[in-house]
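Subject: Structure for your review

Dear colleague,

Please find below the structure that I am handing over to you. My findings follow it, and I would be grateful if you read them with the structure open beside the text.

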Amino acid sequence: MTQLDFESLKHTPEYETLQVLNNDGEVVNPDLMPDLSDDQYVDLYKQMLWSRVLGDRSTKLNRQGRLGFFAPTAGEEASQMGTSAAMDKGDFLLTAYRDIPQLIKHGLPMEKAFMWSIGHVNGNVYPDGLNAVPPQIIIGAQYVQTAGAALGLKKSGSKNVAWTYTGDGGTSQGDFYEGINFAGSFKAPALFVVQNNGYAISVPRHVQSAAPVLAQKAVAAGIPSVLVDGMDILAVYEVTKQAREWIAAGNGPVLIETICYRFGAHTLSGDDPKRYREKSEEEEWFAKDPLIRMKKFLENKGLWDDEKEAAYKDEVEAEIEKAMAVVESQPVQKVSEFLEATFDETPAAIERQVKEYQAKEGN
Amino acid sequence: MAKLTMVKAITDAMDEELARDDKVLVFGEDVGKNGGVFRATDGLQEKHGEDRVFDTPLAESGIIGLANGLAFTGWRPVPEIQFMGFIFEAFDQIAGQMSRESFRTAGKLKMPVTIRTPFGGGVHTPELHSDNLEGLAAQTPGLKVVIPSGPYDAKGLLISAIRSDDPVMFLEHMKLYRSMREEVPDGAYTVPLDKAEVKREGTDVSIISYGYMLQESLKVANKLAAEGINAEVLDLRTVAPLDEEAILATVKKTGKVVLVQEAQRSGGVMNQVASLISQDAILSLDAPIKFVGAPDTPYPFSDAEDQWLPNAEDIEKAVKDTVNF
């Protein structure tokens, strides 16, 4: 009688966490070094700095009561901006609530992102030509929709790609599996990004799954997956750019897992990471700060200095202030308008409620 | 014009719309080569091609999520959920996503999705195939819930649903698929959404119903006519949002109401109808509102359906009690 060795039947493919820059900003993998001009290297850094300033400022504005919901992004700039730097304007973007920087980079006016934060409907009224839907709140729901958007692009004969993001916790959702499986089955042009920041609020990565690598979940869907150092914008950018090209060529979906860390709280609504993370672990990750290593890389090339940094930060602060001024001049929202927006063709029963609320609103 | 079953009328509606609008896509489990487990999509893949009519992997949230993503990118999806009892799996994509998009974006993002799904009792299915879940759907703002009671309405309502820029849940009672035939015009025609219809004029009592129970109500009304009771029968057709005007009009006309639904009594469509009548027509009533519905248990084991389902006898008794109050 053959005794099956079940332990040996656990299969995890070999994954290398792809990296270009080490913590000191040195190029450790020239073969994966993106072929960019000096200005483009600087631009990648500026995008991360922009996001860091935006995150810091959003936190302050939240504390002052001028902004509402905000999910801090610090620590995830290389993952967020490195991926989105490879996005085409015609690509369709489906984000989760922490992915506001990518949405803005894709064309969402900053003031609309802020309106979404304070809970004003105008934040969800996107300009024509912005190929995106408002950020998803239900974890993983965007994954199945991305399969549909990708199939829609394919059926239109478009060469564009549908992009989505979720976190390590999101990979536990049924919609995650259904989304990558559908996209694989239809060979749809979808790019699935898993930003593994180590925690789903407080629940650590190892509780989410017995799978040693989250990216290996793609294996079951029959689609390629790649693991990348999510604190290294050059690696993230190059991997994403190549994945996007492969997808756009009609080869089907790809899943990218970025290994990163959320420096701050889950959201600003009462989460305290000290309840579930060791200080030593945080220190270890702070040393991998994606901005520090890219800044060192640029400084070594003589492309960046503190003066430029200060000037650019001022620019971003001014951009934020300008956006906030628009937010603070939004009209009071009307229930009668919500009712009218609930259906394209408003049924009489709803029209009756419209009239009731219009009377209350003094129309 | 031919006398068609409801399932054939439904097939014809999709056939017309697939031919008329190349943005229409029909998909779901077994809808392709197999033509659907009830043959509702029979021949559509062969005629319109695999690009327009296609099978999906077996996952309901995936199917409706796919529909949502297709709608985001300009398509007009007509997904099928094989049995309504399976729809719990897809409820976030329906109630949490699709039905909110127009509201969420101040009307900018249109979701022209028609979810077709068979439901309803009396056909001896395994568990979770027959459940009347329209009450759950009806409590979802932004979603229109349509239930035809026969072949003519089914074709016209389905064409209206597919052409509508609002999400529609189109519920097809399994017992109506092949149990009756009606004259159904060739070609496309529409029956308006959001409109109830008086299926039988009467003066003594109003029976308000939809779906298969509408047919049972009509049978009872025709039988009672011989006994001198002239019942009016109102078919809601769209069970959410309700055609309040039509409901109030029949109540004011007869002053007596019997509400008939196959679903469990609590939390369903007819409670909303009763609430409306109580608020806006109570002074027109000269008898209490009578309610015929199923008991508040989960849908029963198939061998117990006859004991559980509301039937013509229940309707007849309710109508007589009301008339003789």
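Leaving aside neighbours within four places in sequence, Gly122(B) is in contact with Lys175(B), Tyr299(B), Glu305(B) and Leu309(B). This glycine, Gly122(B), sits in the loop that runs between strand E5 and helix H6 (134-138) of chain B. For Gly122(B) and Lys195(B), the separation is 73 residues in sequence and 27 Å in space, taken from C-alpha to C-alpha. Please keep in mind throughout that this is a predicted model.

The two domains of chain B

Chain B is divided into domain 1, residues 2-184, and domain 2, residues 197-324. Between the C-alpha centres of these two domains of chain B the distance is 26 Å. At their interface, 26 residues of domain 1 of chain B are in contact with 23 residues of domain 2 of chain B.

The size of an interface is often given as the accessible area lost when the parts come together. For domain 1 and domain 2 of chain B, about 1900 Å² is buried between them, and 55% of it is on carbon and sulfur atoms. Within domain 1 of chain B, the residues that lose the most area to domain 2 of chain B are Asn132(B), Ile147(B) and Ser149(B), which together make up 25% of what that side buries.

There are 2 salt bridges across the interface of domain 1 and domain 2 of chain B. Helix H6, strand E6 (144-146) and helix H7 (151-163) of chain B each supply at least two residues of the side of domain 1 of chain B that touches domain 2 of chain B. Sorted by class, that side of domain 1 of chain B has 10 nonpolar, 11 polar and 5 charged residues.

The unreviewed entry lists "domain: Transketolase-like pyrimidine-binding" for residues 4-179 of chain B. The end C-alpha atoms of residues 4-179 of chain B lie 11 Å apart, and the span is 35% helix and 16% strand.

Chain A

Chain A is likewise divided, into domain 1 (14-330) and domain 2 (332-362). The centres of domain 1 and domain 2 of chain A, taken over C-alpha atoms, are separated by 37 Å. For chain A, the UniProt annotation, again from an unreviewed entry, is "domain: Dehydrogenase E1 component", which covers residues 45-335. Residues 45-335 of chain A are 48% helix and 13% strand, with end C-alpha atoms 43 Å apart.

Where the two chains meet

Contact between the chains involves 43 residues of chain B and 39 residues of chain A. Together, chain B and chain A bury about 3300 Å², of which 61% is on carbon and sulfur atoms. Pro57(B), Phe72(B) and Phe103(B) supply 16% of the area that chain B buries against chain A, more than any other three residues.

Between chain B and chain A there are 5 salt bridges. Asp344(A) and Lys110(B) form a salt bridge, and their closest N and O atoms are 3.1 Å apart. The count of residue pairs in polar contact between chain B and chain A, both at pLDDT 80 or more, is 19. Several elements of chain B each supply at least two residues of the side that touches chain A, among them strand E3 (53-55), helix H4 (91-97) and helix H10 (269-280). Helix H3 of chain B gives the most to that side, with 10 residues. By class, the side of chain B that touches chain A has 17 nonpolar, 13 polar and 13 charged residues.

Two points of backbone geometry

Most residues other than glycine have a negative phi, and most peptide bonds are trans. Ala106(B), which is not a glycine, has a positive phi of about 55°. Ala106(B) is placed in the loop between helix H5 and strand E5 (114-119) of chain B. The peptide bond from Ala240(B) to Pro241(B) is cis, with omega near -15°. Pro241(B) lies in the loop between strand E12 (238-240) and helix H9 (244-254) of chain B.

Yours sincerely

Definitions and conventions
Residues are numbered from 1 along each chain as its sequence is written. Chains are lettered from A and ligands numbered from 1 in the order in which they are written. This is a predicted model: local features need pLDDT of at least 70, side-chain atom pairs count only at pLDDT 80 or more; totals for chains, interfaces and linings use all residues. Side-chain values use heavy atoms; hydrogens and water are left out. UniProt positions are given in the numbering used here, feature names are shortened, and annotations may be inferred rather than shown by experiment. Helices (H or I, at least four residues) and strands (E, at least two) are DSSP runs, numbered from the N terminus. Domain bounds come from an automatic or database domain assignment. Contact means heavy atoms within 4.5 Å. Buried area is the accessible area (1.4 Å probe) that two parts lose on being put together, summed over both. A salt bridge is a side-chain nitrogen of Lys or Arg within 4 Å of a carboxyl oxygen of Asp or Glu. A polar contact is a pair of N or O atoms within 3.5 Å; within protein, one must be able to donate a hydrogen and the other to accept it, and residues adjacent in sequence count only if both atoms are side-chain atoms. Ala, Val, Leu, Ile, Met, Phe, Trp, Tyr, Cys and Pro count as nonpolar, Asp, Glu, Lys and Arg as charged, and the others, Gly among them, as polar.
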